[in-house]
Amino acid sequence: MQNNRILLLVNHWFNSLKTNLKTNKIKEISSTFLKRKVKIEITEPNNSRGQEPTGLLLLNDGQLTEALAVKTTIQKLNREGSIIPVQVVAIHAGERHAEYGVSGTKDYLGRGARAGLYENFIIRELLPWLQE
């Protein structure tokens, strides 16, 4: 019986952290790898304890977050307890067919030719910028 009370208490505390998501912050990062300004939308958990997000979700085609109802979907998953609180970083597409693909390997139509540069943007520019 003691374990059930502890579980309920922990569940109540965890659910209190999973309220709504903060309004998107829209930023632009100048990328030396992509040679363009990259627009990103950042959505963070809005929890009453002010804790840092425990997860990070990077989304390609960030310009489609509203059309795809990303914010609503994340809120629903949070309420259900299906995911941990997460910071969503939606990256707007540039040269989509060139930047998305397998790094270092373009397909037979030449798509993904800049995927290695996009990978460098993510690892060497975006992730360090997010940690600041």
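Tutor: A residue counts as buried under 20% relative accessible area, as exposed over 50%, and as partly exposed in between (1.4 Å probe, protein chains only). The structure is a predicted model, in which local features need pLDDT of at least 70 and side-chain atom pairs count only at pLDDT 80 or more, while totals for chains, interfaces and linings use all residues. Residues are numbered from 1 along each chain as its sequence is written, and side-chain values use heavy atoms, with hydrogens and water left out.

Student: Is Lys35 buried or exposed?

Tutor: Lys35 sits in the loop between strand E2 (25-31) and E3; helices (H or I, at least four residues) and strands (E, at least two) are DSSP runs, numbered from the N terminus. Its phi is near 55°, a positive value in a residue other than glycine. Most residues other than glycine have a negative phi. Because its relative accessible area is 72%, Lys35 is classed as exposed.

Student: Which accessibility class does Ala69 fall into?

Tutor: Ala69 belongs to the loop between strand E5 (55-59) and H2. The phi of Ala69 is also positive, near 55°. Its relative accessible area is 33%, so Ala69 is partly exposed.

Student: In what order do the elements of the protein chain run from the N terminus?

Tutor: The secondary structure of the protein chain consists of four helices and six strands. From the N terminus on, these elements follow the order α-β-β-β-β-β-α-β-α-α.

Student: What percentage of the contacts in the protein chain between residues at least 6 apart in sequence join residues at least 24 apart?

Tutor: A contact requires heavy atoms within 4.5 Å. Among contacts in the protein chain between residues at least 6 apart in sequence, the share joining residues at least 24 apart is 65%.

Student: What part of the accessible surface of the protein chain belongs to carbon and sulfur atoms?

Tutor: Buried residues make up 32% of the 132 residues in the protein chain. Accessible areas come from the Shrake-Rupley method with a 1.4 Å probe, and for residues only the protein chains shown count as cover. The surface of the protein chain comes to about 8,700 Å², and the part belonging to carbon and sulfur atoms is 54%.

Student: How many residues apart are Tyr100 and Tyr118, and which parts of the chain hold them?

Tutor: Tyr100 and Tyr118 are both buried. Their pair links distant parts of the chain: Tyr100 lies in the loop between helix H3 (96-99) and helix H4 (115-131), Tyr118 in helix H4, and the separation is 18 residues.

Student: What is the relative accessibility of Phe121?

Tutor: Phe121 and Tyr118 both lie in helix H4, three residues apart, about one turn of the helix. Tyr118 is buried because its relative accessible area is 8%. Phe121 also counts as buried, since its relative accessibility is 0%.

Student: Which residues does Asn120 touch, not counting residues up to four places away in sequence?

Tutor: Asn120 is placed in helix H4. With a relative accessible area of 22%, it is partly exposed. Leaving aside residues up to four places away in sequence, Asn120 touches Phe33 and Glu125.

Student: Which residues lie closest to the centre of the largest pocket?

Tutor: On a 1 Å grid over the protein atoms alone, a pocket is an open set of points where a 1.4 Å probe fits, with protein on both sides within 12 Å along at least five of seven lines; lining residues have an atom within 4 Å of a point. About 170 Å³ of space lies in the largest pocket, where grid points are joined across faces, edges and corners and the volume is the space filled by probe spheres set on the points. Of the 12 residues lining this pocket, the closest to its centre are Asn24, Glu41, Thr43, Thr65 and Glu66.
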